[in-house]
Amino acid sequence: MDETIKLEIRNMTKLYKNGDGVRDVNLKVRKGELMTLLGPSGCGKTTILRTIGGFLQCNAGEILIDGKNIVAMPPEKRPTAMVFQSYNLWPHMTVYDNLAFGLKLRKIPKPEIAERIADALKLVKMEGMEKKYPNQMSGGQQQRVAIARSLLLKPEVLLLDEPFSALDAKIRMQMREELRKIQTDLDITVVFVTHDQEEAMALSDVTVVMNKGSVEQIGSPYEIYHHPASRYVADFIGEMNFIEAKLGVHTAIRPENITVRKGPGGDLDGTVRNIMMLGHYTEMIVDTELGLIKAFLSGGEAEEFVRGEAVSLYFSETKEFSE
Amino acid sequence: MSSLSFLGPRHMARTLGRRKFWEVVLLVGFLLVFYGPLLYTLVLAFAGQYTYPDILPKTWSLQWWKYVLKQPALIKSMVYSFEFAICSVLLSLAVCLPAAYVLARYKFTGRRLIMFTFLIGNAFPKIGMYTSMGIIYYKVGLMGTFLGVLLVHMLGSMMQMIWLPAGAFRSVPVQQEEAARDAGAGPLRTFFYVTLPMAWPGIAVACMFAFIGSLGESVGTLMVGLPTYRTMMVEMYGVILDYPATAGAVFSILLIMPNLLLILVMRKYIGADTISKGYKMG
């Protein structure tokens, strides 16, 4: 991957009248990189995206694309393109007109517009849909067109604001894969906002975990999953057991890092509260003196245990967070 | 006549059932009250020889149409009516659309109060307002002028021309405009290519009401426009007094026709939805 920094946010603060917003954000996105901003609703991830797109004015700080500060520019002058959650195709225009809108404004000759649109539709697997109106298409199809519309603008940075969250699970997965493929094929720089950690994990080169208006951790999905920098991140990403063995010190253990054996003598002992078969793995809840612990077992392992049985838990990987 | 006996009330009551029978009677009654006068006007307008107690004229003729269409004063009044209607709609659009957009999109203190003031204009008896306007008109020299009459007509439709478009603008998602800005359109282009087309149904309905309202305006025009600007509605007073009833019927059909036509053309836009969206204070 190219090491040049495409997008940089420096000490950016955007506060709303009610005191919400983001404080002192610093981010760097390399060329061709896909960065996700991940966090619960209200954590400020969309605020960051909208300040990059120019739909919000930041109170302080700089946003640089290719080293040029774009903070003072209106959205139409910025080299960014945004894909919205609710697709936002213009309902009174055909797919072709939706796609041609930005190109016409750029004074591109008509034959070239037609050519580029055909290419873009092929890219998002929507060939031959030029004459359709948005309301004649499904949500997934509309979002494909919306992505094509943004790609046609040849943005320096593509911004996506929870683009798949209104789609059903199956189409969501499919779109995710295709987006990732298009992004790597075209080598475009992407900032992707999501509240879905699975989506963030699956898509990102870099994930930014956010909490209440500030950045908690920046790292690859692997780093964030295996080396969470704070208890918040550990708790937010994936499943995590927390036990307070010493006062004020919380030990975090992932359910998949627990081995369950019969009888006492483990890192922690308890009795089986519940066993749930969840497809290719089984979830076991164990009642211990330090609270309920969740463990993931492979299907075969779980067969041996019954509810109410005394078991011992062995932890292979733990992490401690002090308060 | 025996073959038509099924039309007799007794027979009907038997076939329809007592309840149904009264429902039909009620419906016919309503239809007569609503459409009877209109129907009578229509018959009257095309009547040749027509004397009491005949229900339908003995002969049909277009003589009163010819007569009315030969009166230069009446023709002139039609021209005036349409001039005022078209000009007042266009001018209202120019003034009210920007106002409606601001009211729909920007939250500022006093917004509701401003919306409310347009409502107040409709709460007074119009005649009182026109009288006070007349006093001002005399002072500034607007009495008997085209602009003076135009302003009266605009005033009548001001509320609809603000509220309905404001509702229509409100129903255009902000993100649709943002997507246009994102694609490279400035604020003006965004308005004309995205916002206006999307809000058009609501605006069109407002224009229609304003047009019909202007055609139907009489009191204000009478007070401000005389003696020069005698629109169809103003002439109508004279026609009722001076011409035979048949000529009046012709004239009133001429008055109704544009309204009917407009409503027919616009019927796909006119819906409870468009109108109720407009009358929300939001």
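I count two residues as in contact if their C-beta atoms, placed from the backbone, lie within 7 Å. With that rule I looked at chain B and found that, among contacts between residues at least 6 apart in sequence, 74% join residues at least 24 apart.

I note that this is a predicted model, in which local features need pLDDT of at least 70 and side-chain atom pairs count only at pLDDT 80 or more, while totals for chains, interfaces and linings use all residues. Residues are numbered from 1 along each chain as its sequence is written, and chains are lettered from A and ligands numbered from 1 in the order in which they are written.

For overall dimensions, I read that the C-alpha trace of chain B spans about 75 × 55 × 35 Å along its principal axes.

I then turned to helix H7 of chain B, residues 146-170, and compared its end C-alpha atoms, 34 Å apart, with the 36 Å that its 25 residues should span at 1.5 Å a residue, which agrees; the expected span is 1.5 Å times one less than the number of residues. I also found a kink of about 50° in H7(B), centred on Ser157(B), where the bend is the angle between axes fitted to the seven residues ending there and the seven starting there.

Definitions and conventions: Helices (H or I, at least four residues) and strands (E, at least two) are DSSP runs, numbered from the N terminus.
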